[in-house]
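Below is a short briefing on one protein chain. It goes from the overall make-up to single contacts.

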Amino acid sequence: MKDKRLHPKNKFNKGYNFDELIKVNPSLKEFVSENKYGTTTIDFSNPKAVKELNKGLLFSFDKIAIWDFPDENLCPPIPGRLDYIHHLADVLAEEKDIKILDIGTGATCIYPLLGVAEYNWNFVATDIDLDSLDTAQDIIDDNKLEQNIVLRQQFDENNILKGIIEEEDSFTATMCNPPFYKSAEEAQGANRRKNRNLGNSAVRNFSGNNNELWYVGGEKAFLHNYLYESSLFKTSSKWFTSLVSKKENVESLEKSSKKLGATEFKVIPLSQGNKVTRIVCWRF
């Protein structure tokens, strides 16, 4: 089934070819079956099935053959992550020799992997969690992408760009998928609600360690901190961008961006399945 809401260039906008995905990831086979409507699919409430599906999607790119990370880390939905890359490519259409700063890359290193696989971009990818960076480095090494992706650790949880951007850095854009929740408790409550909606009381259908899921003050606090710090590095990146899950955060972000001297602010809508989100982009 075609998903018309994905970017036209997204290779998954016509749905999934499970036969082809099983070829590149044989571990997926045991989770694929026909549902009561006669549709070939997986049980999306089963985290192992979801992980193997996304591995198959990722392995369908020529440059990526290994993607191992602990089950407690968030397994990113590849089609949605790829959409961010394609929309960012549209914003950067006139640019050459693209170098991206990925903030909070996580153990899966997903945006750099997709950016290299689809557009051959170069990345500096950051995270505060050393275990996540160790796992990400293993993935980079396993796929021989050391020339394309360099990791940096953020040592101060209060900072986003400070302590990461160096004087000689010149990025084409920054990108970020910020934590949604204000606390571990709020994240756990959302997980319980999601499981109930899937009719599944026993299995966690998504994982995620603390810094992947929550930030003191939630998404709004993170975004405003990010926006403020971007004003301290106006010339270090041509564009600053982020996913924003909560629509109400966009207006306050735009107002603040004007106060901080941003010369352009744009919002790109995204949707996949029932989830609606957006990318915000600003520059000075």
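Which side chains meet in a salt bridge at 3.7 Å, N to O? Those of E251 and K255 do. A salt bridge here is a side-chain nitrogen of Lys or Arg within 4 Å of a carboxyl oxygen of Asp or Glu.

The model is predicted, so local features need pLDDT of at least 70 and side-chain atom pairs count only at pLDDT 80 or more, while totals for chains, interfaces and linings use all residues. Residues are numbered from 1 along each chain as its sequence is written, and side-chain values use heavy atoms, with hydrogens and water left out.

**Overall make-up**

- The chain has nine helices and nine strands; helices (H or I, at least four residues) and strands (E, at least two) are DSSP runs, numbered from the N terminus.
- Of the 284 residues, 53% are buried; buried means under 20% relative accessible area, exposed over 50%, and partly exposed in between (1.4 Å probe, protein chains only).
- Among contacts between residues at least 6 apart in sequence, 68% join residues at least 24 apart; contact means heavy atoms within 4.5 Å.

**Nonpolar cores**

- The largest nonpolar core has 54 residues, of which I42, L58, W67, I100 and I149 touch the most other members; such a core is a set of buried Ala, Val, Leu, Ile, Met, Phe, Trp, Tyr and Cys residues joined through side-chain atoms within 4.5 Å.
- Helix α3 gives this core its largest share, seven residues.
- Another core, of 21 residues, lies apart from it and includes I103, I164, F222 and Y226.
- Leaving aside neighbours within four places in sequence, I100 is in contact with L88, L92, W121, N122, F123, V124, F171, A173 and M175.

- Helix α3 covers residues 78-91, and its 14 residues should span 20 Å at 1.5 Å a residue, which agrees with end C-alpha atoms 20 Å apart; the expected span is 1.5 Å times one less than the number of residues.
- Of the 14 residues in α3, 13 are buried.
- H87 is in helix α3 and is buried, with a relative accessible area of 14%.
- Not counting residues up to four places away in sequence, H87 touches H7, I268, P269, L270 and I279.

**N148**

- N148 sits in the loop between α5 (130-142) and β5 (149-153), and its relative accessibility of 15% makes it count as buried.
- Not counting residues up to four places away in sequence, N148 touches V116, N120, W121, N122 and F123.

**Salt bridges**

- The structure holds eight salt bridges.
- E251 and K255 are four residues apart in helix α9 (residues 248-259), about one helical turn, and both are exposed.
- E20 and K23 form a salt bridge at 3.3 Å, N to O, and lie three residues apart in helix α1 (residues 18-24), about one turn of the helix.
- E20 is partly exposed at 40% relative accessibility, whereas K23 is exposed at 61%.
- K55 and D68 meet at 3.2 Å, N to O, in a salt bridge.
- K55 lies in helix α2 (residues 47-59) and D68 in the loop between α2 and α3, so the pair ties together parts 13 residues apart in sequence.
- K55 counts as buried at 12% relative accessibility, and D68 as partly exposed at 47%.
- R152, E166 and D169 are linked in a network of salt bridges.

**Aromatic pairs**

- The structure holds ten aromatic pairs; rings of Phe, Tyr and Trp (its six-membered ring) pair if their centres lie within 6.5 Å, and planes under 30 degrees apart count as stacked, over 60 as edge-to-face and the rest as tilted.
- F12 and F61 form an edge-to-face pair, 6.3 Å centre to centre with 80 degrees between the planes.
- This pair links the segment before α1, which holds F12, to the loop between α2 and α3, which holds F61, 49 residues apart; F12 and F61 are buried.
- Y84 and Y111 also pair edge-to-face, at 5.2 Å centre to centre and 75 degrees between the planes.
- Y84 is in helix α3 and Y111 in helix α4 (residues 110-119), 27 residues apart; both Y84 and Y111 are buried.
- F222, Y226, F240, W282 and F284 form one aromatic cluster.
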